[in-house]
Amino acid sequence: MLLLYFVHFNLFSIPFLSHEQSDWSSFGSFIGGTTGPLVAFLAYSGVRQQLKEQRESYQKQLESLAFQQHMERIKDSFERVNVLSINSVKPLETHVQINLDTCLSSQLKEAASNAEPFVILQDVIHASRLIQSAAFVYQQYIHLINESTKHLSQETPLNEHRWCAIATWREFEKRAKFINHLAMKTESELLKGNPELYKDERKEILMCIGSYESWERDWKRMGIGF
């Protein structure tokens, strides 16, 4: 509009345009009144879109923070169960006079054969429950990590959680094998012959034995056997 005004009044006259300043003033007011609301609407739409994007970004940040906190809680729970599990087998180690940190896999069965089933029954059940709890936490931990990274092609901080989870679960293997040997001895020498007297205890022990078979297959498949 300004270009048209400049040409009309300074370069050459355009026949169908008015030479009256008042006409141009009225025309300018008309254009301003027409385009003003449109510009205001566009500005409002832009601000609204910006606010929407900010809200979405903030929501994603909250979700990311909540997810990270959830991951940390699972990690802490897993590590606490590991510590409890280590402590739970100490009475069993003392009973058969071995140290799981230094003994070989081939020595576990022989050491377990010296155990007194009646004496170790409750300790075996307690230790077995903790390992089963750890297995559940581990599965949830790994599932959450895998679901969160399955569409990513690059390394992410979540892979550190995966490595931590696998390394911690790896620590349970020798412990679980030792407890399984004790559970099998308890089942064969005490519980199997007294099914009514030790009804509940036998369920726990059989669950322990069955769970170990599943864990052993997983450890072999994962290639982290000791």
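1. A nonpolar surface patch of about 460 Å² is formed by L38, F41, L42 and Y44. Patches are built from residues with over 30% relative accessible area and no salt bridge, nonpolar side chains (Val, Leu, Ile, Met, Phe, Trp, Tyr) being joined within 5 Å and like charges within 9 Å. Accessible areas are computed by the Shrake-Rupley method with a 1.4 Å probe, and for residues only the protein chains shown count as cover. Helices (H or I, at least four residues) and strands (E, at least two) are DSSP runs, numbered from the N terminus.

2. The model is predicted, so local features need pLDDT of at least 70 and side-chain atom pairs count only at pLDDT 80 or more, while totals for chains, interfaces and linings use all residues. Residues are numbered from 1 along each chain as its sequence is written, and side-chain values use heavy atoms, with hydrogens and water left out. The pLDDT (the predictor's confidence in each residue, from 0 to 100) averages 80 over the chain, and 78% of the residues score at least 70. Confidence is lowest in helix α1 (residues 2–11), with a mean of 49, and highest in helix α3 (residues 105–112), at 89.

3. The secondary structure of the chain consists of six helices and zero strands. Read from the N terminus, the order of elements is α-α-α-α-α-α. Of the 226 residues, 32% count as buried; this term means under 20% relative accessible area, exposed means over 50%, and partly exposed lies in between (1.4 Å probe, protein chains only). The chain exposes about 14800 Å², of which carbon and sulfur atoms supply 57%. A contact means heavy atoms within 4.5 Å. Among contacts with a separation of 6 or more, 73% are between residues 24 or more positions apart.

4. Which residues of α3 are buried? They are L108, A111 and A112. These residues cover an arc of only 90° around the axis, which puts them on the same side of α3; the arc is that of the directions from the helix axis to the C-beta atoms. On the other side of α3, S106, K109 and E110 are exposed. An α-helix has 3.6 residues a turn, so residues three or four places apart point the same way.

5. The structure holds three salt bridges, a salt bridge being a side-chain nitrogen of Lys or Arg within 4 Å of a carboxyl oxygen of Asp or Glu. Side chains of opposite charge can pair when their charged atoms come close. In one of the bridges, the side chains of E204 and R129 meet at 2.7 Å, N to O. Because E204 lies in helix α6 (residues 199–222) and R129 in helix α4 (residues 117–149), this pair ties together parts that are 75 residues apart in sequence. E204 is partly exposed at 22% relative accessibility, and R129 is partly exposed at 45%.

6. Another salt bridge joins the side chains of K185 and E189 (2.7 Å, N to O). K185 and E189 are four residues apart in helix α5, so about one helical turn separates them. K185 is buried, with a relative accessible area of 11%.

7. A further salt bridge links R202 with E187, the closest N and O atoms being 2.8 Å apart. R202 lies in helix α6 and E187 in helix α5, so the pair ties together parts that are 15 residues apart in sequence. R202 counts as partly exposed at 23% relative accessibility, whereas E187 is buried at 10%.

8. Where is E173 found? The residue is part of helix α5 (residues 158–191). At 8% relative accessibility, E173 counts as buried. Its C-alpha atom is separated by 9.5 Å from that of I131, although E173 and I131 are 42 residues apart along the chain.

9. V124 lies in helix α4 and is buried, with a relative accessible area of 0%. Not counting residues up to four places away in sequence, V124 touches L92, I179, L182, A183 and I205.

10. Q97 is found in the loop between α2 and α3. Although Q97 is not a glycine, this residue has a positive phi of about 60°. Q97 is exposed, with a relative accessible area of 73%.
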